[in-house]
Amino acid sequence: MTAATTAPIVRGRSLLRSLAVALDRRPRLRLVLLLALPVGALIVIYFGSLAILFLNAFWSRDAFTGLVQREFTLENFARLNTPLFITVSLRTVGMAAAVTLTCAVLAFPIAYFMARVASPRLRGALVVAVLTPLWASYLIKAYSWRLILAEDGVLNWSLEPFGLRGPGYGEIGLWLVFTYLWLPYMILPVFAGLERIPGSLLEASADLGGRSLHTFRHVILPLVFPAVVAGSIFTFSLTMGDYIAPGLITVGQQFIGNLILSNFGVPNLPLAAAQALVPLAIMVVYLLIARRLGAFEAL
Amino acid sequence: MAIGSPQGDCCVGEEEDHLRIQQAWAVMAIAALVAAACTGPAATPTPTAGPTTAPTTAPTEAPTAAPTSDMPTEIGDGEGAVSVLAWPGYAEDGTAYPDVDWITPFEQETGCETTVQVFGTSDEAFSLFSTNPEEYDVISASGDASLRLVRAGYVQPVNVDIIPSYAEVFEALKNKPYNTVDGVHYGVPHGRGSNQMMWRTDEVDPAPTRWEQMFDPDSGYKVSVYDAPIYIADAAVVLMDTQPDLGIQNPYALDDTQFAAAIALLEQQKPTITQYWVDYTKQMDNFRNGDSNVGTTWQVIANLLQAEDPPVPVDLIKPEEGATGWSDTWMVNSQSEHINCAYMLINHLTSAEVNIQIAEWFGEAPGNTQSCALATNPDHCAIFHAEEDDFWSDVWYWQTPEAQCVDGRTDVTCKDFGEWVDAWQQLKG
């Protein structure tokens, strides 16, 4: 055999092989390359747009031409200190809290039944049942509730024989709608959390003389609490930012999302950006507290 | 990790590495989940109302408005393409309904391939236009968007002398403050419509005849009003009749006192309001199921309700005080590279044959004087009062309020649109 034909086979490795060998020796580099694309996308797309939002909050809008003036100013933040914005913020946070509490209370029995009582087959069917509404469009669900809560809707019709009336359009009706919309997001983490509790703990509690309520309060609740907080992240944040359901279900009562949307319409983007920073800040604080309470392990 | 792991101490380092990698994945997954959760409803289809594009930066320098001497003096050959930003129903090209198409004939005739983008509100239109300043050659702008576009330099003056259809447009629509600035025309008028008062004939008796009744807190009505800051002008229209000493000449030119009076009137109305509507189907729902029985509306809404099976018993009038309304203008982007196609398209859309097609499809009065003779529904022009000058004499077309009073007063400053938006948000609460 001539050197010409043997040399390529014996001497150099192919580029791919060299690369494979190099990476094999550097586990950290492998990790970096693996994560580069998704983390890069996260940083550029997500954090990048948040950064631009943040920047916009410090600019202002020329009243005459409607164009953005890229000069540093704090006037948008001054406009956050108005009675209107404070009222709307409190209303939004209050609604988010109410919805979270209601979802937690409603989700718990369902999740408990699914995790601890139902047979595996029934459990599977129930998981499907809980997840199915998530496949329906948000808009369809919201509009359906509009019909349900209407003057001559199903709710009023079914309560009529008892001499009662439904809440109609308004904040109570909206509270019902939000609870319905976000309930699956609360059921699933709580279900996972309850499933994780070893049966042996409950048996031990019973052996030591604890009755159901005692076991519930001292064994189950502390163990499932992180899961409830994890679920509450969804219900709280989704309610905080929503503007579509309030527009459909209430009569003009505005939430933070509606204010931001109407400022988009002017368009006064800097003011909308400043207003958007408020729910963002609230959620950051909420997430920090949730992390403290162990919610991230329970997800 | 169970206590007394069989691996002992030899492989602790490896396990630590694994643990750290798992933690890294976990944090990534949670961050992605939280990101998904935080975008919740926005990730599902958004309604047509409201802007759907999130602008990342807004332009800060206005493109220099083209001076009059740069306007084309004749319509040359088409450039092969043109894009249009229009109200739904204005530029139908057969995609919605194969029979409803006046764009394809235009494309075949001129070779200007047309792309259409629709919007839901004037504010959305302005948003779309300002974040994509070179995208749309032609826009149908209502009076509450047109001036904003002119002021920001997004649209250019239009040489109406070279657009044959312009000569056929109703005189009453020409030279209006929202399409002509300092004698310079910025577009060709399209059509017009009036806001009217609708009521359920089976629930409201006697029938209302004045807007004033809709602002009475003791009326017992269940009121449905248009959800936009421009609705403040409707209150001003009432005040022009009931409180003439306020001196309101134009409901879009309100100084501090006049504005305060309008807001006070709207506050009075609040207890009776059962709906703020943007989407016309929502108002139809409310009237159909009885949640509202009196409201501001458009002719097309009443037509649709009456045409239902079973028909919803409604009637509507333009009340005694007059009304607000709208009239759209076809405008040309100041940075358009398809000027000839743009001019040809505008000429086509405002021509007698096409203008009546749009008017019948959308439900408004046509802007071309020759259109009524070509209507497929012989009653169309009568229903929409297209040729009755008297009807329109007390209709105030939507117009952007500006600090420089649009009624010409120079001794006071008027409330500008930003202040209208603020006040409207305060009103809704």
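Into which domains is chain B divided? Domain 1 covers 71-192 + 325-377, and domain 2 covers 196-297 + 406-428. Those bounds come from an automatic or database domain assignment. The two centres, taken over C-alpha atoms, are separated by 29 Å.

Some ground rules. This is a predicted model, where local features need pLDDT of at least 70, side-chain atom pairs count only at pLDDT 80 or more, and totals for chains, interfaces and linings use all residues. Residues are numbered from 1 along each chain as its sequence is written, while chains are lettered from A and ligands numbered from 1 in the order in which they are written.

Chain B, then. It holds 14 helices and 15 strands. These are DSSP runs, numbered from the N terminus: helices are H or I with at least four residues, strands are E with at least two. Of its 429 residues, 47% count as buried. Buried means 20 or more other C-beta atoms within 10 Å of the residue's own; exposed means 12 or fewer; partly exposed is in between; and C-beta atoms are placed from the backbone. Now contacts: two residues are in contact if their C-beta atoms, placed from the backbone, lie within 7 Å. Take the contacts in chain B with a separation of 6 or more: 71% of them come from residues 24 or more positions apart.

Start with strand β3 of chain B, residues 138-142. Five of its five residues are buried, so β3(B) is largely enclosed by the rest of the structure. Both faces are covered. V138(B), S140(B) and S142(B) lie on one side, I139(B) and A141(B) on the other. What does β3(B) pair with in the antiparallel sense? That is β13(B), over five bridges. Pairing here means that DSSP finds at least two bridges between the strands. In β13(B), M331(B) stands opposite I139(B). Strand β1 of chain B, residues 81-86, pairs with β3(B) in the parallel sense, over two bridges. I139(B) turns up again there, as the bridge partner of L85(B).

Next, an open sheet in chain B. Five strands, in the order β10-β9-β11-β8-β12, with mixed pairing. β10 (273-277) and β12 (314-317) stand at the edges, each with a single partner strand, so one side of each has no neighbour in the sheet. From one strand to the next, the twist averages 25°. Strand β8, residues 196-200, runs antiparallel to β12(B), and four bridges join them. R200(B) is opposite V314(B) in that pairing.

Now the helices. How do α6 (residues 232-242) and α7 (residues 256-269) of chain B pack? At an angle of about 100°, with axes 9 Å apart. Axes are lines fitted to C-alpha atoms, for helices over the stretch in contact, and angles run from 0 to 180 degrees between N-to-C directions. α6(B) and α7(B) are therefore roughly perpendicular, a label for angles of 65 to 115 degrees; under 35 is roughly parallel, over 145 roughly antiparallel, and the rest oblique. From α6(B), the contact uses I232(B), A235(B), A236(B), V238(B) and L239(B). From α7(B), it uses Q258(B), A261(B), A262(B), L265(B) and L266(B). By class, that is nine nonpolar, one polar and no charged residues. Nonpolar covers Ala, Val, Leu, Ile, Met, Phe, Trp, Tyr, Cys and Pro; charged covers Asp, Glu, Lys and Arg; the others, Gly among them, are polar.

Is α6(B) enclosed or open? Nine of its eleven residues are buried, so it is largely enclosed by the rest of the structure. What covers those residues includes α7, β11 (294-297), β13 (323-333), β15 (395-397) and α14 of chain B.

L427(B) is buried, with 20 other C-beta atoms within 10 Å. Leaving out residues up to four places away in sequence, L427(B) touches I263(B), L266(B) and E267(B).

Finally, chain A. It is divided into domain 1 (14-69) and domain 2 (79-298). Their C-alpha centres lie 32 Å apart. Nine residues of domain 1 of chain A contact eight of domain 2. On the domain 1 side, α3(A) gives the most, with three residues. That side has five nonpolar, three polar and one charged residues.

G170(A) sits in the loop between α8 (154-159) and α9 (171-196) of chain A. With 15 C-beta neighbours inside 10 Å, it counts as partly exposed. Residues up to four places away in sequence aside, G170(A) touches T250(A) and V251(A).
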